Amino acid sequence: MSTDTKAAKESATNGSPKPTSPNADLKLDFASFWEYSSAPESSEKVTIESLYGHFIDGDFVKPAKGRMFTSVNPANEEVLTELAEGTSEDVDRAVKAARNAYNKKWRTLSGKERGKYIFRIARMIQERSRELAITESLDGGKPIRESRDVDIPLAAAYFFYYAGWADKLDYAFPGRNVEPVGVCGQIIPWNFPLLMLAWKIAPALATGNTVVLKPAETTSITALKFAEICRDAGLPAGVVNIITGAGQTGSAIVNHSDIDKIAFTGSTKVGKIIQNALAGSDTKYTLELGGKGANIVFEDASIDQAVEGIINAIFFNQGHVCCAGSRLLVQEGIAERLITKLKDRMETLIVGDPLDKNTDIGAINSKSQFERIEEYINIGKNEGAEIYQSSCSIPENGYFCRPTIFTGVSQSNRIVQEEIFGPVLTIQTFRTPAEAIEKANNSQYGLSSGIWTDRGSKIFQAGAEMDSGVVWANTFNKFDPTSPFGGYKESGVGREGGLHGLYPYVNLV
Ligand code: NAP
Ligand code: MG
């Protein structure tokens, strides 16, 4: 028991006067009253090889130039493994394997046969779910509760969902002849590694395409374990190829002349580079890019429910979420009360070891992302905003950031306009619904938003006026394979998920 807890207990038994103000209780030091014993998930059963090659044509192979790079655990900065650095030679080899598999095998299979392989992959993700969840937390820093309960089950769910479509494409597109597109180049970010892979590979395979996928440099291990699953599932060689590497490897995929479609998820900056590279070519593309989601709380909302929703909207996955609710807009009449409750709730969040089942906020994914978040926190302070950070303890090693909110911000502040991609929330107030919508839409992005209110009519009215691909009502950050996802404005082009997610992978004739 900490000394603070002891002192509090002693003062309680000494008969000190009870707090009289209704808020006084809330000022108690929650962290020391509710100390949890650690409940670490074990990483002992998980094997991470000391070295991984690319997965090309059904086998792990050495990189052409023999160059390797390391992947670290962001919670303790220890090296987890060495990965192959993909060059244009490796990409070319993978594209040739994918083309061969496309022409000779995959496109010739019936939808029912393709579906069997995809169902098998989905089941094998479930079978290896514990190992995959632990690996995701080790490599990327996310809390085990999230990788265990969100990332991996959802990844399996996307494979199950699209496996179901494989033999029903004639019903998805009635009266049309459905052809696959061909070889797809897919590039994914580091915030939901296996889940983003599932969003890309499952619809591509269901529709008869083959793929060359590059995971993000800092979080490639679950993609390589997925490669093992493809091999163990007996998936024909060359249907799925995984090439590891950095931005240059991604660029080699984008610029390869024998790729028919590019699917990219990542920053708006790189999305624009890709759009430029593909302009004038007949390569199809979808871009899932950045966001700066507005989360609007009207004064008729249930405040406690909204506070939980705000916490989930911005602190889920350390705020490394493209559709995070990173701009809170609160109606003036309830702002003070809501912010007080929000601060109290922030004090209860546990920041620390990603493998501890009590942890709410794990490690920031990489040193460079950590520095970027620190830079934005300094920008916010220099812009004159008022900062509040929870007083929790954080580990000495690794990259950790306290949950942070900024009040007293205005629409023109950089921290309100730019995507921080960390556990940092800006809070603004509004008086009328029109003002809330105007502020919400005043952004280069249009990926997600949230509305908290007791009135269904307000949800429909405000929701319809929001320039946003996703609008959540009285909830946030909920995902489902049947639901399309994607952005307006600089948040991207095209949709993934649901029936809509099949379109980018088919030619309709
Ligand atoms: P990023 O820097 O754009 O990288 C995304 C992927 O592209 C990584 O695999 C990256 O490789 C690769 N890449 C980098 N430069 C490239 C180039 N010139 N050509 C081709 N590929 C290149 O983004 P990030 O920092 O990994 O991810 C965070 C961003 O993703 C945020 O902006 C977030 O909003 C967005 N995101 C969007 C969605 C969505 O669905 N809309 C979902 C998740 C994330 P390296 O790993 O080596 O950098
Ligand atoms: Mg890593």
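Modeller: Some terms to begin with. Ala, Val, Leu, Ile, Met, Phe, Trp, Tyr, Cys and Pro count as nonpolar, Asp, Glu, Lys and Arg as charged, and the others, Gly among them, as polar. This is a predicted model: local features need pLDDT of at least 70, side-chain atom pairs count only at pLDDT 80 or more, and totals for chains, interfaces and linings use all residues. Residues are numbered from 1 along each chain as its sequence is written, while chains are lettered from A and ligands numbered from 1 in the order in which they are written.

Colleague: How do the residues of the shell around ligand 1 divide?

Modeller: The shell holds 29 residues, with Gly247, Gly250, Gly266, Glu288 and Cys322 the closest. A residue is near the ligand if its C-beta atom, placed from the backbone, lies within 6 Å of it. The shell divides into 14 nonpolar, 11 polar and four charged residues.

Colleague: Which element gives the most to the shell around ligand 1?

Modeller: Helices are DSSP runs (H or I, at least four residues), numbered from the N terminus. The elements that give two or more residues are α10 (247-254) and α11 (268-278). With four residues, the top contributor is α10.

Colleague: Where does ligand 1 lie relative to the domains?

Modeller: The bounds come from an automatic or database domain assignment. Both domain 1 (51-289 + 491-508) and domain 2 (294-482) give residues to the shell, so ligand 1 lies between them.

Colleague: Which helix gives the most to the side of domain 1 that touches domain 2?

Modeller: The centres of the two domains, taken over C-alpha atoms, are 30 Å apart. Their contact takes 23 residues from domain 1 and 26 residues from domain 2; residues are in contact if their C-beta atoms, placed from the backbone, lie within 7 Å. On the domain 1 side, α5 (129-140) and α6 (144-165) each supply at least two residues. Seven residues come from the leading helix, α6.

Colleague: Is α4 parallel or oblique to α9?

Modeller: Axes are lines fitted to C-alpha atoms, for helices over the stretch in contact, and angles run from 0 to 180 degrees between N-to-C directions. The axes of α4 (residues 111-127) and α9 (residues 221-232) come within 10 Å and cross at roughly 130°. Angles under 35 degrees count as roughly parallel, over 145 as roughly antiparallel, 65 to 115 as roughly perpendicular and the rest as oblique. That makes α4, relative to α9, oblique.

Colleague: Which residues in α9 meet α4?

Modeller: From α4 come Ile121, Met124 and Ile125. Their partners in α9 are Ile229, Cys230 and Asp232.

Technical notes:
Two residues are in contact if their C-beta atoms, placed from the backbone, lie within 7 Å.
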